[in-house]
Amino acid sequence: MKLEYDSKYFMNKAIEEAQLALSKGEVPIGAVVVIENQIIARAHNLTETLNDVTAHAEILAITAAENYLGGKFLNGCSMYVTLEPCQMCAGALYWSRISNLFYAAKDLKRGFTIMGSTLHPKTKVNSGVLENESKELLEKFFIARRNLN
């Protein structure tokens, strides 16, 4: 049996990371970085765990991928993330020169597109991959959070 490595396969891996975040009480956002069909970095939000507002899944995944590659640029890499990156993460993606960004759900309040941020001109962006699955995780988290308050 041959595995199909496509955007859904890798987004499912990002969703697995988001589920780990959810299990820790974090906003369920996950990310993976891929080069040549190989995952070289995985991360999920750890802002509460680390008490660090910059510990977004994307930032942690960028750092891990750069460490794996031994350099600061992610040329030839693709990031799969369960929610549209915020302005801060878009800036980090810009400077990393990532080749492709795939995100599941749009962030209509704080996403980089609504905030007017841009990525590197050579970065190709694809959205909506497993959007419903990502939205369900986020809704589950925020419903539970509202019920606690």
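Which residue follows H4, and is its phi positive or negative? H4 is followed by Arg97, with a positive phi near 60°. The model is predicted: local features need pLDDT of at least 70, side-chain atom pairs count only at pLDDT 80 or more, and totals for chains, interfaces and linings use all residues. Residues are numbered from 1 along each chain as its sequence is written, and side-chain values use heavy atoms, with hydrogens and water left out.

Helices (H or I, at least four residues) and strands (E, at least two) are DSSP runs, numbered from the N terminus. Helix H4 spans residues 87-96. Its buried residues (under 20% relative accessible area, 1.4 Å probe, protein chains only) are Cys89, Ala90, Leu93 and Ser96. They fall within an arc of 125° seen down the helix axis, so they line one face of H4. The arc is taken from the directions from the axis to the C-beta atoms. Their cover includes helix H3 (57-69), strand E3 (78-83) and strand E4 (100-105).

Ser78 belongs to strand E3. This residue is buried, at 11% relative accessibility. Contact means heavy atoms within 4.5 Å. Not counting residues up to four places away in sequence, Ser78 touches Val32, Val33, Val34, Ile98, Asn100 and Phe102.

Most residues other than glycine have a negative phi. Asn37, not a glycine, has a positive phi of about 60°. Asn37 sits in the loop between strand E1 (30-35) and strand E2 (38-44). Its relative accessible area is 45%, hence partly exposed (between the buried limit and the exposed one, over 50%). Asn51 also has a positive phi, near 55°. Asn51 lies in the loop between helix H2 (47-50) and H3. Asn51 is exposed, at 74%.
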